[in-house]
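Trainee: I am new to this structure. Could we go through it together?
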Amino acid sequence: MAPTARTGPAARGPRILLYSDDRTVRAHVRTAVGPRLRAHAPEIAWAEVATPAALVAAADRGGWDLLVLDGEADKSGGMGLCRQLKNEVYRCPPVVVLTGRADDGWLASWSLADAVVPRPLDAIELQRTVAGQLAATV
């Protein structure tokens, strides 16, 4: 079997774009998900943005396997930005929105998010959600 984009010695890891205006949230997400989805898998290529403009520009450029958006970001939360991206970006990748609490799931459904992870962030749930969304895109 010839190597594909996801297998073999030249496999590339998933590309994830992470948006939050809070660097501690970004660090927490990266730590919770880990450097790879499973043992011996390629490393995740993370890109972080802290402003809505940077998020939209990066999403427009494309090449992402997953977007993780902080729904509690100040000024422009991830839920509104998710809805904008889902409506404006051709073939928008799956989006995971981090909500302020479990009861915000209904609002995240308005945002057209593919998955929601509530705060406080549970590392196992977040990793499982990210892996599940990435598996669905392969």
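Mentor: We shall take strands, a helix, an arginine and the cysteines in turn.
Mentor: This is a predicted model, in which local features need pLDDT of at least 70 and side-chain atom pairs count only at pLDDT 80 or more, while totals for chains, interfaces and linings use all residues. Residues are numbered from 1 along each chain as its sequence is written, and side-chain values use heavy atoms, with hydrogens and water left out.

Trainee: How many bridges join S1 to strand S2?
Mentor: Five bridges join S1 to S2 (residues 45-49), and the two run parallel. Strands (E, at least two residues) and helices (H or I, at least four) are DSSP runs, numbered from the N terminus. Two strands pair if DSSP finds at least two bridges between them.

Trainee: What lies on the way from S1 to S2?
Mentor: The chain passes through H1, and this β-α-β crossover is right-handed. That term means that, with the strands pointing away from the viewer, the path from the first strand over the helix to the second runs clockwise.

Trainee: Where is Arg 26, then?
Mentor: Arg 26 lies in helix H1 (residues 23-33).

Trainee: Is Arg 26 buried or exposed?
Mentor: Arg 26 counts as buried, because its relative accessibility is 12%. Buried means under 20% relative accessible area, exposed over 50%, and partly exposed in between (1.4 Å probe, protein chains only).

Trainee: What does the side chain of Arg 26 reach?
Mentor: The side chain of Arg 26 reaches the backbone oxygen of Ser 20 at 2.6 Å. Leaving aside neighbours within four places in sequence, the residues in contact with Arg 26 include Glu 48, Val 49 and Ala 50. Contact means heavy atoms within 4.5 Å.

Trainee: On to H3. Which residues are buried there?
Mentor: In helix H3 (residues 78-88), the buried residues are Gly 78, Met 79, Leu 81, Cys 82 and Leu 85. They cover an arc of only 160° around the axis, so they are on the same side of H3. The arc is that of the directions from the helix axis to the C-beta atoms.

Trainee: And what covers the buried residues of H3?
Mentor: The cover includes strand S1 (15-19), helix H2 (52-61) and strand S4 (95-99). The face turned away from the buried side carries the exposed residues Asn 87 and Glu 88.

Notes:
A polar contact is a pair of N or O atoms within 3.5 Å; within protein, one must be able to donate a hydrogen and the other to accept it, and residues adjacent in sequence count only if both atoms are side-chain atoms.
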